[in-house]
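Dear colleague,

I am handing over the structure we spoke about, and below it you will find my notes on what came out of the analysis. Please read them with the model open beside you.

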Amino acid sequence: MDVIFWSRIQFAMTAAYHWLFVPLTLGLAFVMAVMETLYVVKKDEFWKKTAQFWMKIFAVNFAVGIATGIILEFEFGTNWSNYSWFVGDMFGAPLAIEGILAFFMEATFFAVMFFGWEKVSQRFHLVSTWLTGIGATISAYWILVANGWMQNPVGTVFNPDTVRSEMATAQAFWEVVTNPVAVSKFFHSVTSGWVTGGVFVVGVSCWFLLQKRQQKFARKSILIGSIVGLVGSVAVMLSGDSSGVHAAEFQPMKLAAAEGLEDGGRRAAFTIVPGVKIPGMLSILATHDIDGFVPGINDILKGYTDNEGNVVPSVSEKMQRGRTALDALATYRAKKDTDPEAAAAARAVLEKNVQYMGYGHLEKPEDVIPPVGVVFWAFRLMIGLGMLMMLELLVIGFLAWKDRLGDKKWLFVLAIACIPLVYICGQAGWIVAEVGRQPWTIQGLLPVNVAISSLSAGAVKTTFFLFLAIFTLFLIIEIRIMLGAIKKGPQTPNE
Amino acid sequence: MSYTFLQNYWWFLISLLGGLLVFLMFVQGANLHLGNRSLSDLQKRMILNSTGRKWELTFTTLVTFGGAFFASFPLFYSTSFGGAYWVWVLILISFVFQAVSYEFQNKNENLIGIQPFRVFLMINGLLAPLLIGTAVGTFFTGSPFTVNRAAIADAAAPVISTWDSPWHGLEALGQFHAVLLGCALMFLTAILGALYLINNIEDETIIRAMRRSIRVAVIPFLFFFLGWLTILLMRPGFAVDAEGTVYMEAGKYLNNLLQMPVVLILFLVGVVLVLAGILPSGYGQARKGIWLSGIGTVMTVMAVFFIAGYNGTAYYPSTTDLQSSLTIRNSSSSPFTLQVMFWVSLLIPFVVAYIAYAWRQMDKKRITPDEIDKTEHKY
């Protein structure tokens, strides 16, 4: 195993752990805020105690989310040194803006929310609770702008003097911020957090119902949790649809891998599980047109003509042109001070081929194929579990709304079982998004093998196991603390 | 806006964030006092809850400092973080443990009890200022690295910034001059922490203990700081000419101070303010010394960053290949990126304003033993 492997696995592990803590905070933030608003509007102490119970759970997750988040941010530098120079000009800005606009908001108002009950006015406290959630959401926006740019690098131009991708114009930043991939990623990720929050609140409340404790607290929480979760579910579905269209447009290989599609075509079928297909469905999903052409893995390798009539070259041709670009870059840099004419000629060659420069770093055409099995099954897991979550929230929400939850033990048990499933669903989603774009850190521009730092495999292997041990310890303690808080229950009257 | 202006502006903001970070590391410094044997468990818990309401600000400032450095001077990010790997990993791990220690330590389910988490907070209190200070110290001593932009076209070794020491950052701990700054910072944050607690907590024993700690810490602080300063002003520095060629200049950092009188004044006023906050608190009955010393710290740190980066100076010099040294000209982002972020940075006063408002609201009343005893909402 080389340093590329360990750097990737370390980043993946950190991101996966981070995404265990973050989605719940994104969803719970709004559940708590709605509850506290009810407290302020209805002046009913019950809602205050209810909100405070969920805040305790929020706080534990928030702390570990922060701890894993800082590692992620700095790993861009520590483990992806070339990456942070090559695209720092594009990628750094959203990250810095995230810090300035979102993190301070979260940090400041979280402290008010958690400690301020007896210190600040009721109104300022309520505003702080909302701002904590809004801060978390803004933070998600900027980091997903950064991630979206890696999937669809818009508004950038390669500068051979600095050897990096730079902001093309002052207006290009607007393209980065409104990158369609980033926008749908934002809605998809944040609202999936609402689903997580909803399923979590419903599941925990059902545990109280099973225990015949805190019936009022549980029923009211179920109602709010399922509403937040259902709104989230619908938004996840809609943004998931546009994510599919974007994948088809900007990352066709990811889509082909997710579908296990060897050979594409028009009226392409959607595979539910191997052997069960819906004819034409994939074309509809990917292009919103039953006659749309969806390229398969082999089409991408061999080259094809896309739906707009553009000819997409084969991977080997892209690789050849990429190598031409890299050679021209080397010539340009060697000659630019001594032989301006040769340098200008090399620069012209570079500019003609620069869009494929990333391919010049690949060894063989097959390198562009991500691990198909992983992506294929993660995709199915995500969609299947996502639909199950929606169904669960719909049924329980409806029964809670009609006050017909009664004593349906099987349903309560099911709701509790959904809690781990919603986490698996979220992890599967990120596996599709991130494993599906291999080998690229920046789609088409920079493959993982040249994005790394100059470190030994042993060094990164050591930190991988170190971080793994630390995060696992944190996770175990976190779960134990949450279970403890749940067992203790809210301070609402036990009715 | 010219490219040069934008680069200078962003170095100014990095310096400001650096200054604020060091000031806010009073959280780390205050946590060191959790080891004070004259304090009872309740008193330690008061300290914990006092810093517990501020640690996220320090943490966020660190994260934003990193993010802003990444966005404005990405070559530093890729060179230092990817090269001085072990130093940054150690710093990060100490902060990661700090982040969870508040939330975890007084919970029965935490597996390892209260004490280890307090120890984690104290390790963070020692390591964070020591290592961050030493890392900043290398701005003047240099680090072993090479930057070769052509490398990206080299399939066998495509990494642009390579570190030339197998210790990957730990070798900085062998740089006497840099370590002096680390030690100075460690004692300074311990003092700032004590000053903060004196202002934030209503408890005679704690206040007395903190005044005593200040008196103990101020001597080594001055020793390390003045030692570092003396060597700094005497050592040759890494200068860079208009063409971007880096060369050694005798007395460079002294020259920087003399050639930039504003920086000299900033530095001197900063140092005086730090002392003006410390002395009446350590030897008198002052309660609000944290503000004077805090502002003084921000000013002094900014002046140190200005000496490192302005006036034709390479702020991250290379000892193995002089021309690889990073300057604010050769390591910055493109003009367009710096310009976009310039506009965003105009929101900073608004951010500072709401932080100040929330801080005032939360700290109107000092923390009392009674509050910690009775309230449900505490660490």
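How many helices and strands does chain B have? Chain B has 15 helices and 4 strands; please keep in mind throughout that this is a predicted model, and that every value quoted here was computed from it.

To stay with chain B for a moment, its C-alpha trace spans about 65 × 45 × 40 Å along the principal axes. A compact globule of 379 residues would have a radius of gyration near 21 Å, and chain B has 21 Å, which agrees. Of the 379 residues of this chain, 58% count as buried, and among its contacts between residues at least 6 apart in sequence, 76% join residues at least 24 apart.

Taken along the principal axes, the C-alpha atoms of chain A fill a box of roughly 85 × 55 × 45 Å. Buried residues make up 56% of the 495 residues in chain A, and of the contacts in chain A between residues at least 6 apart in sequence, 76% join residues at least 24 apart.

Chain A is divided into two parts, with domain 1 covering 3–251 + 377–488 and domain 2 covering 265–361. The C-alpha centres of domain 1 of chain A and domain 2 of chain A lie 32 Å apart, and the contact between them takes 12 residues from domain 1 of chain A and 15 residues from domain 2 of chain A. On the side of domain 1 of chain A that touches domain 2 of chain A, at least two residues each are supplied by helix 8 (215–250), strand 10 (446–447) and helix 16 (448–451) of chain A. Helix 8 of chain A gives the most to that side, with 3 residues, and by class the side has 8 nonpolar, 3 polar and 1 charged residues.

What does each chain bring to the contact between chain A and chain B? The contact takes 68 residues from chain A and 64 residues from chain B. Several elements of chain A each supply at least two residues of the side that touches chain B, among them helix 2 (45–78), helix 4 (88–115), strand 2 (164–167), helix 12 (315–335) and helix 17 (457–488). Helix 4 of chain A gives the most to this side, with 21 residues, and the residues of the side of chain A that touches chain B divide into 44 nonpolar, 16 polar and 8 charged.

Strand 1 of chain A and strand 2 of chain A run antiparallel and are joined by 4 bridges, with Phe158(A) standing opposite Ser165(A) in strand 2 of chain A. The two strands form a hairpin with 4 residues between them, and in the turn Val163(A) has a positive phi of about 60°, although Val163(A) is not a glycine. Val163(A) is partly exposed, with 19 other C-beta atoms within 10 Å.

Lys43(A), found in the loop between helix 1 (3–42) and helix 2 of chain A, likewise has a positive phi, of about 50°, although it is not a glycine. Is Lys43(A) buried or exposed? With 10 C-beta neighbours inside 10 Å, Lys43(A) counts as exposed. Finally, the peptide bond from Gln438(A) to Pro439(A) is cis, with omega near 5°, and Pro439(A) is found in the loop between helix 15 (409–435) and strand 9 (440–442) of chain A.

With best wishes

How values were computed
Residues are numbered from 1 along each chain as its sequence is written. Chains are lettered from A and ligands numbered from 1 in the order in which they are written. This is a predicted model: local features need pLDDT of at least 70, side-chain atom pairs count only at pLDDT 80 or more; totals for chains, interfaces and linings use all residues. Domain bounds come from an automatic or database domain assignment. Two residues are in contact if their C-beta atoms, placed from the backbone, lie within 7 Å. Ala, Val, Leu, Ile, Met, Phe, Trp, Tyr, Cys and Pro count as nonpolar, Asp, Glu, Lys and Arg as charged, and the others, Gly among them, as polar. The radius of gyration is taken over C-alpha atoms; the globule rule is 2.2 Å times the number of residues to the power 0.38. A residue is buried if 20 or more other C-beta atoms lie within 10 Å of its own, exposed if 12 or fewer, and partly exposed in between; C-beta atoms are placed from the backbone. Two strands pair if DSSP finds at least two bridges between them.
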